[in-house]
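Thank you for making time this morning.

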Amino acid sequence: MKILVPVKRVIDYNVKPRVKADGSGVDLANVKMSMNPFDEIAVEEAIRIKEAGNAEEIVAVSVGPAKAQETLRTALAMGADRAILVESDEDLEPLAVAKILKAIVEEEQPGLVLLGKQSISDDSNQTGQMLAALLDRPQGTFANTITLEGDSITVKREIDGGLETVKLTLPAIVTTDLRLNEPRYASLPNIMKAKKKPLDTKSPADFGVDTAPRLKTLKVSEPPVRQAGEKVEDVDALVAKIKALGIA
Amino acid sequence: MSGMDAEVFDQFIEQLWRYVHERLIPAEKDVIAANAIPEDILDEMREMGLFGLTMPEEYGGAGMNTSQYVETIRVLSYALPAYRSITSINLGMVCTALKKSGTEAQKAEWLPRLAAGEIACFGLTEPGSGSDSAAMQTTAVKDGNGYRLNGSKRYITNAPFAKLGLIMARTSKEPLPKNAHVSAFLVDMEKAGVTVGKPDKKMGQEGSQIADIYLDDVHVDGDALLGGEEGQGFRTAMMSLDNGRLSVAAASAGYARRILDTAMRYAQDRKAFGEPINQFQLIQAMLADSEAEIYAAECMLKDATAKVDAGEPSLLPAASTKLFASEMCNRVANRCVQIHGGAGYLAEYEAERFYRDSRIYTIYEGTSQIMQLVIAKAMLRNFAAGGQA
C-alpha cells in the first residue's frame with residue numbers, strides 16, 4: 001500500500017502570531033515557520049504503519065511557496081520516501097488545495113491519505129473532508145487511534161464527550177487528532193539521507209485546477225485583551241455586585 | 001573546511017532546538033537525581049546523531065566543520081551540562097586524536113563506533129602529573145607483539161561510562177626531547193586489569209561523572225598503539241586539547257543564554273512593591289549587562305570558528321573566546337542568583353544549580369589564568385615580530 005501525506009508549512013507553534021497593522025492578515029515577515037503539528041502526527045503515523053509492514057511507500061506532498069520544500073525535507077527526514085511540491089505563492093483556500101490533492105491521488109493511487117485535521121494557521125478543518133467528498137471516498141476524521149485490517153481501517157474518532165469508532169473500506173481519507181501519537185525528531189543521519197531523496201516540483205496549472213478564491217477576508221484582529229477582575233470584601237458586596245451587573 | 005551542507009545543518013539545528021526544549025530539559029530532574037543520563041535518553045541522543053557530529057561522513061559521522069560543531073554544542077548547552085559532557089570526549093579529544101594520528105585500521109575500527117555513541121574517555125592526568133609529561137608514571141612495556149600497561153589516571157571525565165579509553169603512557173623510562181617518551185594507546189575499557197574508581201563528588205555538573213582509572217598489567221595488542229608509532233602520545237594529546245577550548249566556550253555561551261532566560265522569567269513573575277521586579281532599574285541593569293555580554297560571546301564564537309575553518313591563525317581568538325565566555329557565564333549565573341534574591345540561594349530554584357554548574361567553565365580545558373598566559377604569550381610574540389599585538 002502507498003500512503004499519501006499532505007503537509008502544510010505554517011507559522012511555528014511556539015511563535016506568538018501578530019496581526020498586521022492594516023488588519024489584512026497575520027504578519028509573517030521574519031517569523032519562524034515549520035510543519036503543521038497535526039501533519040507531523042500524520043507523517044509519524046504513516047511511518048509507523050510502514051514500519052509495521054503495512055505500507056511500502058510514503059509520499060509527502062505540500063501545496064505552498066518554494067520554502068515549503070523545507071517542510072517536505074522534514075517529512076523526508078522523519079521517514080517519508082519521496083515528496084511532491086505543488087508550488088504556489090497564492091494563499092490557497094482549502095477547496096483549492098483539496099482539488100489539487102484529488103488530482104495527485106488520482107495519479108498516485110494511494111491506499112490511504114493521512115493528513116492533519118486542520119492547520120494551526122487558519123484552523124479551517126476542511127481540506128480532508130473536502131478531499132473525501134471530491135473523491136467520493138470514506139473519511140475518518142479526528143483520529144485518536146487507527147488500526148489496519150486487510151482492506152479496511154478502523155478509526156477511533158475524538159468527538160464531543162468521547163470516542164466514536166468507525167470502520168472504513170480502503171482507499172480512504174483519515175485526518176489526525178492530537179493524541180494519535182507523539183511524532184519523532186528527525187535525526188542528523190536521517191536529515192542527511194533525506195537530502196538525497198527525490199522531491200518533484202509541480203504547479204497547480206499542471207493539474208488544470210481552478211484555484212481562484214471563493215472567500216474574501218474582510219478583517220483580521222487580535223483577540224480582545226481580558227479585563228482584570230475586581231475583588232470584593234464579603235458575600236454581601238458580591239451579591240450586590242452581581243445584582244448591579246444584572247448577571248443573576 | 002567546508003563541513004556539511006548548510007541547509008541540512010539548519011534543518012538539524014531546528015530539530016535539535018526542539019529536542020533540547022521538549023525532551024532534554026524536562027528530563028533534567030531525572031538526570032540530576034540519578035547523577036547519570038537515563039539509558040533511554042542516551043539512546044535517543046545516539047539516534048539523533050549527537051555522538052557523530054565531528055566524525056567524517058565515511059566513518060558514520062556528519063562531517064561538521066568547526067563552526068557547525070561549535071554552534072551545535074551551543075544549542076545543546078541550553079540544557080543541563082551533562083548532555084554535552086557525555087558527548088564531548090568522543091567529539092573532541094578522541095575524535096581529533098584518531099583523525100590526526102590514527103592508522104587507517106584504527107580509524108575504520110573506532111570512528112564509526114564512537115559516532116554511534118560508544119562512550120570514550122581520555123586518560124592523560126595522573127595523581128602526580130598533568131601537563132608536565134616528565135612526571136608521568138603510567139608505563140607501557142613491550143610484551144610480545146603488544147604492550148603491558150600499569151599505572152593510574154585521575155579526574156577522567158566519563159570513565160564510569162566509557163567503552164574506549166585513549167590512555168597516555170610512557171614507553172621510555174628516560175624523558176626524551178619533545179616528550180617522545182609518551183605514547184597513546186586505544187584501550188578497551190572492558191579488558192582484564194582495567195578498573196574504574198568510584199565517581200568523584202563534585203560541586204555541580206550532576207549527571208556527568210569523573211573517576212580514577214587503574215591499569216593493572218593490562219595487556220594490549222600492538223595495534224592499540226595510536227598511529228602505530230611510539231613517542232607521538234603527548235603531541236597528540238596537546239593537539240586534541242586545543243580544540244576543546246571552543247567547545248567549553250560554546251557550552252558557556254549556550255548555558256548563559258538559558259540562565260538569562262530563567263532570570264528574565266523570574267524578574268517578570270516576582271512582584272515587589274506592587275510590580276514585577278523587572279520594572280526596577282537596578283534589576284534591568286543586571287539583565288542588560290548579561291544580554292550584552294552573551295551577545296559578545298556569541299559573536300566571538302562565530303568569528304573564532306570561522307577563522308579555524310578558514311585555516312587562519314586561531315590560537316589567540318580561541319583562547320580569548322574561552323576566557324571571555326567562561327568568565328561571562330559565571331557573571332551571568334551570579335546575577336541570576338542575585339535577581340532571585342533569597343530564592344536564588346535555595347536548591348528549589350534553578351539559579352543555585354546554574355551557579356554551581358558554571359564554575360567549572362573557567363577551570364577545565366585550561367584555567368582562565370592559563371588562557372591569560374596563552375593570550376599574552378601570543379600577543380608578545382606577534383608584537384615582537386611585527387610591532388602589532
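Before the first pair of helices, a word on terms: axes are lines fitted to C-alpha atoms, for helices over the stretch in contact, and angles run from 0 to 180 degrees between N-to-C directions. Helices (H or I, at least four residues) and strands (E, at least two) are DSSP runs, numbered from the N terminus. Please keep in mind that this is a predicted model, in which local features need pLDDT of at least 70 and side-chain atom pairs count only at pLDDT 80 or more, whereas totals for chains, interfaces and linings use all residues. Residues are numbered from 1 along each chain as its sequence is written, chains are lettered from A and ligands numbered from 1 in the order in which they are written, and side-chain values use heavy atoms, with hydrogens and water left out.

Let me begin in chain B, where the axes of helix H8 (residues 244-269) and helix H11 (residues 350-358) come within 11 Å and cross at roughly 160°. H8(B) and H11(B) are therefore roughly antiparallel to each other, a term used for angles over 145 degrees. The crossing of H8(B) and H11(B) is left-handed, that is, the near helix is turned anticlockwise from the far one by less than a right angle. Which residues meet there, if contact means heavy atoms within 4.5 Å? From H8(B) come Tyr255(B), Arg258(B), Ile259(B) and Thr262(B), and they meet Glu350(B), Arg353(B), Phe354(B), Asp357(B) and Ser358(B) of H11(B). Sorted by type, the residues of this contact between H8(B) and H11(B) are 3 nonpolar, 2 polar and 4 charged, where Ala, Val, Leu, Ile, Met, Phe, Trp, Tyr, Cys and Pro count as nonpolar, Asp, Glu, Lys and Arg as charged, and the others, Gly among them, as polar.

Next, helix H3 (residues 39-48) of chain B, in which Ile41(B), Leu42(B), Met45(B) and Met48(B) are buried; buried means under 20% relative accessible area, exposed over 50%, and partly exposed in between, with a 1.4 Å probe and protein chains only. Seen down the axis of H3(B), these buried residues fall within an arc of 120°, so they line one face of the helix, the arc being that of the directions from the helix axis to the C-beta atoms. Their cover includes helix H5 (188-194) of chain A, together with helix H1 (6-24) and helix H5 (81-101) of chain B. After H3(B) comes Gly49(B), whose phi is positive, near 95°.

Within H3 of chain B, consider Ile41(B), which counts as buried at 4% relative accessibility. Leaving aside neighbours within four places in sequence, Ile41(B) is in contact with Tyr19(B), Arg23(B), Leu24(B), Ala27(B) and Tyr83(B). Of these, Tyr83(B) is 42 residues from Ile41(B) in sequence and 9.7 Å away in space, C-alpha to C-alpha.

Turning to chain A, we have 6 helices and 11 strands, and buried residues make up 46% of its 248 residues. The peptide bond from Leu170(A) to Pro171(A) is cis, with omega near 0°, and Pro171(A) lies in the loop between strand S9 (162-169) and strand S10 (172-176).

Finally, Asn30(A) is not a glycine, yet has a positive phi of about 55°; this residue sits in the loop between strand S2 (9-11) and strand S3 (33-35) of chain A and is exposed, with a relative accessible area of 84%.

Definitions and conventions:
Angles under 35 degrees count as roughly parallel, over 145 as roughly antiparallel, 65 to 115 as roughly perpendicular and the rest as oblique. Contact means heavy atoms within 4.5 Å.
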